[in-house]
Amino acid sequence: MLFDPAVYYGDRETDLAMTRLFGGFGAAFYRAYEAAAPLPAGAAVREELYNLYHVLNHANLFGGGYAHQAGELIDRLLAEVV
(Lines give C-alpha, C1' and ligand atoms only; values in the text may rest on other atoms or scores of the structure.)
Protein backbone atom coordinates (compact mmCIF):
# COMPACT_ATOMS: atom_id res chain seq x y z
CA MET A 1 0.00 0.00 0.00
CA LEU A 2 1.21 3.51 -0.81
CA PHE A 3 0.38 6.45 1.41
CA ASP A 4 1.19 9.97 0.28
CA PRO A 5 1.07 12.38 3.25
CA ALA A 6 1.32 15.40 0.94
CA VAL A 7 -1.70 14.62 -1.24
CA TYR A 8 -4.25 17.40 -1.57
CA TYR A 9 -7.09 18.54 -3.75
CA GLY A 10 -6.51 22.03 -5.03
CA ASP A 11 -6.48 24.41 -7.95
CA ARG A 12 -4.29 23.11 -10.76
CA GLU A 13 -3.02 26.63 -11.26
CA THR A 14 -1.18 26.48 -7.92
CA ASP A 15 0.90 23.57 -9.19
CA LEU A 16 1.64 25.29 -12.49
CA ALA A 17 2.60 28.48 -10.68
CA MET A 18 5.05 26.58 -8.49
CA THR A 19 6.68 25.03 -11.56
CA ARG A 20 7.54 28.51 -12.83
CA LEU A 21 8.69 29.88 -9.47
CA PHE A 22 11.95 27.97 -9.33
CA GLY A 23 12.93 27.66 -12.95
CA GLY A 24 10.04 25.90 -14.61
CA PHE A 25 9.94 23.38 -17.38
CA GLY A 26 10.63 23.96 -21.06
CA ALA A 27 8.27 26.05 -23.17
CA ALA A 28 7.01 22.89 -24.90
CA PHE A 29 5.56 21.66 -21.60
CA TYR A 30 3.49 24.80 -21.08
CA ARG A 31 2.33 24.88 -24.72
CA ALA A 32 1.21 21.25 -24.49
CA TYR A 33 -0.55 21.87 -21.18
CA GLU A 34 -2.35 24.91 -22.56
CA ALA A 35 -3.41 22.95 -25.65
CA ALA A 36 -4.79 20.08 -23.56
CA ALA A 37 -6.38 22.15 -20.78
CA PRO A 38 -6.52 25.90 -21.44
CA LEU A 39 -6.27 28.12 -18.41
CA PRO A 40 -9.07 30.58 -17.70
CA ALA A 41 -8.64 34.33 -18.00
CA GLY A 42 -6.57 35.89 -15.25
CA ALA A 43 -4.30 32.88 -14.74
CA ALA A 44 -1.13 34.97 -15.00
CA VAL A 45 -2.22 37.25 -12.15
CA ARG A 46 -3.31 34.32 -9.99
CA GLU A 47 0.06 32.69 -10.64
CA GLU A 48 1.78 35.63 -8.98
CA LEU A 49 -0.65 35.53 -6.07
CA TYR A 50 -0.12 31.79 -5.56
CA ASN A 51 3.66 32.21 -5.71
CA LEU A 52 3.63 35.12 -3.26
CA TYR A 53 2.96 32.69 -0.41
CA HIS A 54 6.06 30.65 -1.22
CA VAL A 55 8.24 33.73 -1.75
CA LEU A 56 7.11 35.21 1.59
CA ASN A 57 7.87 31.91 3.27
CA HIS A 58 11.36 31.89 1.75
CA ALA A 59 11.85 35.54 2.78
CA ASN A 60 10.95 34.57 6.34
CA LEU A 61 13.31 31.59 6.34
CA PHE A 62 16.22 32.89 4.29
CA GLY A 63 15.81 36.67 3.91
CA GLY A 64 18.00 38.20 1.24
CA GLY A 65 16.62 38.55 -2.25
CA TYR A 66 13.38 36.81 -1.38
CA ALA A 67 12.16 39.88 0.52
CA HIS A 68 12.89 42.01 -2.55
CA GLN A 69 11.14 39.48 -4.79
CA ALA A 70 8.11 39.50 -2.48
CA GLY A 71 7.95 43.29 -2.68
CA GLU A 72 8.00 43.17 -6.47
CA LEU A 73 5.23 40.56 -6.52
CA ILE A 74 3.12 42.64 -4.13
CA ASP A 75 3.62 45.77 -6.25
CA ARG A 76 2.54 43.93 -9.41
CA LEU A 77 -0.50 42.46 -7.69
CA LEU A 78 -1.56 45.81 -6.25
CA ALA A 79 -1.22 47.38 -9.70
CA GLU A 80 -3.84 44.89 -10.91
CA VAL A 81 -6.46 46.09 -8.44
CA VAL A 82 -5.79 49.83 -8.47
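Does N51 count as buried or exposed, and at what relative accessibility? I looked this up and found that N51 counts as buried because its relative accessibility is 6%, where buried means under 20% relative accessible area, exposed over 50%, and partly exposed in between, with a 1.4 Å probe and protein chains only.

I note that this is a predicted model, in which local features need pLDDT of at least 70 and side-chain atom pairs count only at pLDDT 80 or more, while totals for chains, interfaces and linings use all residues. Residues are numbered from 1 along each chain as its sequence is written, and side-chain values use heavy atoms, with hydrogens and water left out.

**Entry on helix α3.** I placed N51 in helix α3, helices being DSSP runs of H or I with at least four residues, numbered from the N terminus. Leaving aside neighbours within four places in sequence, I found N51 in contact (heavy atoms within 4.5 Å) with A17, M18, L21 and L73. The buried residues of α3 also include L52, V55 and H58, and I listed α1 (12-21) and α4 among what covers the buried residues of this helix. At L52 I noted a bend in α3 of about 30 degrees, taken as the angle between axes fitted to the seven residues ending there and the seven starting there. Just after α3, G63 takes a positive phi of about 65 degrees.

**Entry on salt bridges.** I counted three salt bridges, each requiring a side-chain nitrogen of Lys or Arg within 4 Å of a carboxyl oxygen of Asp or Glu. R46 pairs with E13, with the closest N and O atoms 2.8 Å apart, and this pair links helix α3 to helix α1 across 33 residues. I recorded E13 as buried at 6% relative accessible area, whereas R46 is partly exposed at 26%. R20 pairs with E47 at 2.9 Å between the closest N and O atoms; R20 lies in helix α1 and E47 in helix α3, so this pair ties together parts that are 27 residues apart in sequence. E48 and R76 meet at 2.8 Å, N to O, linking helix α3 with helix α4, 28 residues apart.

**Entry on the surface.** I found a nonpolar patch made of L56, I74, L78, V81 and V82, with about 510 Å² of accessible area together. Helix α4 (residues 65-81) gives the most to this patch, with three residues, while L56 lies in helix α3 and is partly exposed at 41% relative accessible area. Such patches take residues with over 30% relative accessible area and no salt bridge, joining like charges within 9 Å and nonpolar side chains (Val, Leu, Ile, Met, Phe, Trp, Tyr) within 5 Å; the areas come from the Shrake-Rupley method with a 1.4 Å probe, and for residues only the protein chains shown count as cover.

Methods: Helix = DSSP H or I, 4+ residues; strand = E, 2+ residues; numbered from the N terminus.
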